[in-house]
Amino acid sequence: MTPLGVPALASARPTTTLLRAGARVVPPEVRDALLVTALGVATLPTVAADPAAVAVSSGLLLPLTWRRRAPWAVFCAVAAAAFVQWLMGCQLPAEIALLVALYSVAAYTTRVRLLSACLVMEGGILLACQRWATEGRFLSTAVALSAFAAAAASLGVNTHSLRERAARLQRDRDQQARLAVAEERSRITREMHDIVTHNLSVMVALADSAPYARSAEASSAALRQISGTGRQALTDMRRALHLLRTEEPDTLLRQPLPGLAQLETLAEQMRRAGLPTRLEVEGDPAPVPVTAQLTVYRLVQEALTNTLKHTPRGTSARITVQCRTDTVTVVVTDDGPPSGKADTVAGLGLRSMRERAAAHGGTLRAGPLPGGGWEVAARLDLGHEADPGHGESVSHEADPGYRESVGHEADVTP
């Protein structure tokens, strides 16, 4: 482009933007009425002396007002007016309405109707050339007029394609938004289930044990533990729901998400609730991503909660976490009695654990051990990009001995 063309292009951009903004503000019906008015002002004065020509010209132009709402009917009306014009044997400037009507059919109707309109248009071109083309110019005139018609139809087809593409992009965007909302709801559901189930189970166990405390100091300690557990649950719920008050966002954000470092605190909490718990961590947990650490924490939390709720006094639990370069393996076992068929209940807990493991391309096993007790084992792939819709999970959801956190209540008093 020459240097002189640069300022011209720069000055043209604001004009184009202004025209597009105006097109969005002015309703389509008003724009079509303005188009008809402009064509009328340009063509009618040349035939003002002939009332019949004015009437035919009006018949060609006025239907264009409804070209968006009924493009096929408008084309038929304009074509009929053009045929009357041909019968009268007069040429009118308003014939340009045929190209506008053909464009409207291409832009707003089906391909079948466009083909019909093109055939009608080509027939009209041949009739017009037969009557008005100069001698020896029939073919060239027909080709020129056909080229104008083809250009109008092509422009309409292009507009139709752009409109369809815009509608498709809008649908895709809406679908992506719905999927994002569904994924966020699933994430919040998992977090809320783990938070509420675990903390309420601990609080119930502590409350049940408080009346049987041997001293006032032990009873007070249990009550303080209940209060602390409740406060922690409220904090976790606020973080999960993003309901941070304006006067306390820094306080909540400074508290890190639960991870491998908090497993010992979780084990101590379970011990105070009456479930002796042993923790073993192998390897260096520092390189493990925060999201994977949160997943491990929630898996352990859910497994210990199930053990706390569904095993009798005297049951103990063991947590084993192995951290490697590309994987994290977590195993939670207890030495409770063998599970019978009466304990078979499937609920949200297993689905939540399975989704968390699958988000890291991992596997999950949950089921009774041969000699009694229960095991939950998960393996997370640290090289896998978190995606809730992928990954593999193996579970004993249909196992007769499957134990879920919505099952029967058991005595958990220490």
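**Strand pairing around β5 in a predicted model**

Strands β4 and β5 form a hairpin with five residues between them, and G372 in the turn has a positive phi of about 105°. Helices (H or I, at least four residues) and strands (E, at least two) are DSSP runs numbered from the N terminus, and two strands pair if DSSP finds at least two bridges between them. The model is predicted: local features need pLDDT of at least 70, side-chain atom pairs count only at pLDDT 80 or more, and totals for chains, interfaces and linings use all residues. Residues are numbered from 1 along each chain as its sequence is written, and side-chain values use heavy atoms, with hydrogens and water left out.

β4 (residues 363–368) runs antiparallel to β5, to which six bridges join it. In this pairing G367 stands opposite E375 in β5. β5 (residues 374–381) is also joined to β3 by eight bridges, again in antiparallel orientation; here T329 stands opposite R379 in β5.

T327 lies in β3, which spans residues 327–334. T327 counts as buried because its relative accessibility is 5%, where buried means under 20% relative accessible area, exposed over 50% and partly exposed in between (1.4 Å probe, protein chains only). Leaving aside residues up to four places away in sequence, T327 touches Q322, R379, L380 and L382, a contact being heavy atoms within 4.5 Å.

The protein as a whole has twelve helices and five strands. Of its 414 residues, 38% are buried. Among contacts between residues at least 6 apart in sequence, 73% join residues at least 24 apart.
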